[in-house]
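Q: I have a structure open and would like to go through it piece by piece. Can we start with the strands?

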Amino acid sequence: MTDIDFLAVGHIAKDITPDGWRIGGAVAHAAVQAKRLGLRTAVVTRAAADVDVAKELPGVEVRQVASDETTTFENHYEKGRRTQHVWAQAGPIGAEHVPREWRQARIVLVGPVLGEVPIGLGRLFSRSVLAFSPQGWLREVRPDGLVTRRPWRKSVSLKGCRVVVASEEDIEGDERAVRSWTRDVPIVVITDGLRGARVYAEGGWRRINAFARREIDPTGAGDVFAAAFVVCLAETGDVPQAARFAAAAASLCVAGEGIAAIGSREEIERVLAAHPEVTLQ
């Protein structure tokens with residue numbers, strides 16, 4: 001196993017579509033974005049033998065831990081709102097599943113989809129730029145498979161994390177959760193689809209608009225934003241630059257379907273050059 005620049009930890013998912021299924025989940029979208037930015041990228045995940053994750057994510061090093069099932073989602077969008085059902089769940093991911101040599105990765109994104117990764121796993125990556133995508137800790141599944149929101153537990157601390165990226169859909173107006181994150185984490189980003197994002201850094205909030213783009217499929221855009229943001233932040237140390245870079249990356253993602261729409265560094269740079277007016281305000 002080679003040295004890793006970017007490690008993503010969490011379940012990949014089978015996203016059911018009218019044409020069959022395609023690979024999804026925060027780690028899949030984030031890993032593909034990191035790979036297309038030129039980083040040596042790896043994923044730790046769990047899935048059944050019905051999915052060959054390495055084949056689905058070419059060029060990404062994969063530790064696929066065996067599971068009886070693969071996490072399977074079905075998403076429906078109406079008036080900008082998403083309804084999700086879960087038809088199967090893979091097993092949990094623990095410290096024992098993370099190769100020791102990958103624990104030194106320069107950048108780590110922990111992105112559970114249904115709480116399969118314990119928050120404490122972040123302690124493995126004390127030398128990394130650590131980012132959390134907490135959507136999977138804000139969800140629970142009803143007996144009929146419908147995904148609903150789980151309140152954030154007040155006692156949970158995210159100390160040791162450098163960046164949190166969540167969406168307005170994830171938090172559903174729970175500003176107490178957001179305030180708890182800002183007490184523990186230097187940088188917090190809350191994305192809001194075509195309305196852009198708000199960014200907390202250096203003790204205050206700022207906003208960035210979305211780059212104009214006709215939306216075809218918003219699935220995974222927040223995960224692409226998270227990956228692009230933390231990569232650019234690690235490279236430059238500049239929050240406004242990272243916000244612009246991530247917003248441009250997300251705009252490319254929504255303009256197509258699935259991971260095929262995720263942009264390269266060159267494509268992102270072209271979007272940035274074409275729209276200098278989009279900045280963190």
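Predicted model: local features only at pLDDT ≥ 70, side-chain atom pairs only at ≥ 80, totals over all residues.

Q: Which residue stands opposite Arg198 of β14?

A: Ile190 stands opposite Arg198.

Q: How many residues sit between the strands in the hairpin of β13 and β14?

A: There are 5 residues between them, and in this hairpin Gly193 takes a positive phi near 55°.

Q: What about the pairing of β14 and β15, how many bridges there?

A: Strand β15 (residues 204-208) and β14 pair over 5 bridges, again in the antiparallel sense. In that pair, Tyr200 stands opposite Trp205 of β15. The two strands form a hairpin with 2 residues between them.

Q: Is β14 enclosed or open, and why?

A: Strand β14 (residues 197-201) is largely enclosed by the rest of the structure, because 5 of its 5 residues are buried. Buried here means under 20% relative accessible area.

Q: Which residues cover which side of β14?

A: Ala197, Val199 and Ala201 are on one side, and Arg198 and Tyr200 are on the other. These residues are buried, and both faces of the strand are covered.

Q: Is Glu202 buried or exposed?

A: Glu202 is exposed, with a relative accessible area of 84%.

Q: What is the phi of Glu172?

A: The phi of Glu172 is near 50°, a positive value in a residue other than glycine. Glu172 is in the loop between α3 (168-171) and α4 (175-184). Its relative accessibility is 48%, so Glu172 counts as partly exposed.

Q: Let's change topic. How do β2 and β3 run, and how many bridges join them?

A: Strand β2 (residues 13-17) and strand β3 (residues 20-24) run antiparallel, joined by 5 bridges. A hairpin joins them through 2 residues. Thr17 has Gly20 of β3 as its bridge partner.

Q: Where is Arg22, and what does it touch?

A: Arg22 lies in strand β3. Leaving out residues up to four places away in sequence, Arg22 touches Ala13, Lys14, Asp15, Thr17, Asp217, Thr219, Glu257 and Gly258.

Q: How far is Arg22 from Glu56?

A: They are 34 residues apart along the chain, and their C-alpha atoms are separated by 8.9 Å.

Q: What follows α1?

A: Gly38 follows α1, and its phi is positive, near 95°.

Q: Another loop now. Where is Ser133?

A: Ser133 is in the loop between β9 (129-132) and β10 (139-141). At 5% relative accessibility, Ser133 counts as buried.

Q: Which residues does Ser133 touch?

A: Not counting residues up to four places away in sequence, Ser133 touches Leu109, Val110, Gly111, Pro112, Val165 and Asp223. From Ser133 to Leu109 the C-alpha distance is 7.2 Å, and the two are 24 residues apart in sequence.

Q: Last topic, the whole protein. How many helices and strands are there?

A: The protein has 7 helices and 15 strands. Its radius of gyration is 17 Å, close to the 19 Å that the globule rule gives for 281 residues, so the protein is as compact as a globular protein of that length. The C-alpha atoms fill a box of roughly 50 × 40 × 40 Å, taken along the principal axes.

Q: What share of the residues is buried?

A: Of the 281 residues, 58% count as buried. Among contacts between residues at least 6 apart in sequence, 60% join residues at least 24 apart.

Q: And how many charged side chains?

A: There are 36 positive and 36 negative side chains, and the centres of the two sets lie 5 Å apart.

Terms used
Residues numbered from 1 in each chain as written. Heavy atoms only, no water. Helix = DSSP H or I, 4+ residues; strand = E, 2+ residues; numbered from the N terminus. Rg over C-alpha atoms; globule rule 2.2 N^0.38 Å. Buried < 20%, exposed > 50% of the residue type's maximum accessible area, 1.4 Å probe, protein only. Contact = heavy atoms within 4.5 Å. Lys, Arg positive; Asp, Glu negative; His and termini not counted. Charge placed at Lys NZ, Arg CZ, Asp CG, Glu CD. Pairing = 2+ DSSP bridges.
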